[in-house]
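Hi,

Here's the structure I promised to send over. Have a look at it first, then read my notes below.

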Amino acid sequence: YAGDLMRACNLNPTLKTIHELGGTTEKGKKMITEAEAFPMYKACKDSKDVGGFHDFVEVLKLYDKNGDNTCQSFELFKLLTNFGEKLPKEEAKKLMAELCEPEDGDGFMPFIPFLTRMCAAET
């Protein structure tokens, strides 16, 4: 799977970018050769079709009801499983368990630590 290979190289290509470069979204459908790998890597590295930390902060601020860089965890879960490159529910639960701070009594959690951990490979 070309996307996994590019992400293992510390890149963050979108599924659209991978598809445009000849990769597939399904594992096992196509094998890439060594000769195809470097041009694909270079194209992904040069692509501007990726989001970054500040883009994600701006999205989550839309769900920040208190103006204190927090959101309700169920809203983050809905974002991860329903928008953009949708994560499977189990993968989203695992990601949140690993990267999120605990919720407060009202179900809010700070999203900056989550994004910092999630985007750590980007910086």
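Just after helix α5, Gly84 takes a positive phi of about 60°. Before I go on, this is a predicted model, where local features need pLDDT of at least 70 and side-chain atom pairs count only at pLDDT 80 or more, while totals for chains, interfaces and linings use all residues. Residues are numbered from 1 along each chain as its sequence is written, and side-chain values use heavy atoms, with hydrogens and water left out.

Helices here are DSSP runs of H or I with at least four residues, strands are runs of E with at least two, and both are numbered from the N terminus. Helix α5 covers residues 73–82, and Ser73 lies in it. Is Ser73 buried or exposed? Its relative accessibility is 13%, so Ser73 counts as buried (buried is under 20% relative accessible area, exposed over 50%, partly exposed in between, with a 1.4 Å probe and protein chains only). The other buried residues of α5 include Leu76, Leu79 and Leu80. What do the buried residues of α5 pack against? They pack against α4, β1, α6 (89–99), β2 (108–110) and α7 (111–118).

Ser73 itself touches Met96, Glu103, Gly107 and Met109, leaving aside residues up to four places away in sequence; contact means heavy atoms within 4.5 Å.

Now for the loop between α4 (53–61) and β1 (70–72), where you'll find Asp68. Asp68 is partly exposed, at 42% relative accessible area. Asn69 is in the loop between α4 and β1 too, and is partly exposed at 31%. Asn69 isn't a glycine, yet it has a positive phi of about 60°.

Cheers
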